[in-house]
Each structure stands twice: as structure tokens, then as C-alpha cells.
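Work through the exercises below with the sequence and the 3D view side by side. Each task is followed by a worked solution.

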Amino acid sequence: DLVTGEDHVYEPEPRRVRTVSLDTLVRPLPHVDLLHLDVQGEEARVLGACGPELTRKVRTVYIETHGTEIEDSLRRLFTDLGWTPVYDFRQQSRNPTEYGEIDFVGGIQTWKNPRL
């Protein structure tokens with residue numbers, strides 16, 4: 001977390017953390033109804049590494065995106081996997097929704113797995 005003062009922004013020292021792949025998390029589960037992912041620019045890399053496991057087990061993926069290249073990569077990935085787009089709102093865009101006009105800072109993509 002950032003701590004702000006009047007004239008300065010203080011960032012904590014970086015530290016090592018243990019990570020686990022998404023594939024490792026999903027593999028032991030019989031199925032996943034909803035996977036919500038917001039990994040600050042690594043969305044395509046994280047999801048691309050476990051595409052087959054996603055298709056076997058995950059019904060819906062909701063992703064906050066951070067960059068047009070990432071958004072395009074996710075569209076290619078899920079299209080190649082045969083998934084169906086539900087929502088696709090680009091970052092920094094204003095879009096009509098069933099809730100009215102919404103300004104999106106980060107992008108949003110929701111994909112449905114037609115096999116589940």
C-alpha cells in the first residue's frame with residue numbers, strides 16, 4: 001500500500017512472496033463457477049498458461065484488464081478456446097450497459113465456457 005504525506009509518496013520496500021500458478025489452484029477442483037481475475041497486467045500470461053484446464057473446469061471468467069494489447073491477447077485466447085464473450089469493455093472507455101452509461105478505467109471482459 002502507498003502511504004502519502006503532504007509532499008511525498010512513500011512506497012513500501014519490495015518483498016518476496018510465494019506464488020502459485022492458476023493451473024495449480026484449479027487442478028484439484030471438480031469445477032469452478034466463476035473465476036474473477038485482476039492481476040495488474042499479467043492477465044493474458046496467467047490465463048494463457050492454463051487454457052486447457054480452464055476449459056475443462058471453469059464456467060465463467062471475469063477479468064479486469066490493463067492495456068489494449070492484453071485485451072486483444074485475451075480475445076484471441078478465449079476465441080481460440082471456443083469461449084463466448086459476454087462483456088467486453090475496453091479500458092478508458094464509456095459504454096452503454098443495462099445499468100446506464102459507465103466509464104471504465106480498467107477494461108472488463110467476461111467469457112462463458114459453452115462446454116459447461
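**Exercise 1: strand pairing**

Tyr-62 stands opposite Thr-110 in β8. The model is predicted, so local features need pLDDT of at least 70 and side-chain atom pairs count only at pLDDT 80 or more, while totals for chains, interfaces and linings use all residues. Residues are numbered from 1 along each chain as its sequence is written, and side-chain values use heavy atoms, with hydrogens and water left out.

Task: find which strands β4 is joined to, and state whether each pair runs parallel or antiparallel.

Solution.
- Step 1. Helices (H or I, at least four residues) and strands (E, at least two) are DSSP runs numbered from the N terminus. Two strands pair if DSSP finds at least two bridges between them.
- Step 2. β4 (residues 58–65) and β3 (residues 32–37) run parallel and are joined by five bridges. Val-32 stands opposite Val-58 in β4.
- Step 3. β4 and β8 (residues 107–112) run antiparallel, with six bridges between them.

**Exercise 2: the order of elements**

Task: state how many helices and strands the chain has, and in what order they run.

Solution.
- Step 1. There are four helices and eight strands in the chain.
- Step 2. Read from the N terminus on, the order is β-β-α-β-α-α-β-α-β-β-β-β.

**Exercise 3: one glycine**

Task: locate Gly-41 and explain why Gly-41 is classed as buried, partly exposed or exposed.

Solution.
- Step 1. Gly-41 lies in the loop between β3 and α2.
- Step 2. Buried means under 20% relative accessible area, exposed over 50%, and partly exposed in between (1.4 Å probe, protein chains only).
- Step 3. The relative accessible area of Gly-41 is 26%, so Gly-41 is partly exposed.
- Step 4. Not counting residues up to four places away in sequence, Gly-41 touches His-66 and Ile-70; contact means heavy atoms within 4.5 Å.
- Step 5. From C-alpha to C-alpha, Gly-41 and Gln-92 are 15 Å apart in space, and they are 51 residues apart in sequence.

**Exercise 4: chain totals**

Task: give the share of buried residues and the share of contacts that join residues at least 24 apart.

Solution.
- Step 1. Of the 116 residues in the chain, 34% are buried.
- Step 2. Take the contacts in the chain between residues at least 6 apart in sequence: 63% of them join residues at least 24 apart.
- Step 3. For scale, the C-alpha trace of the chain spans about 55 × 40 × 25 Å along its principal axes.
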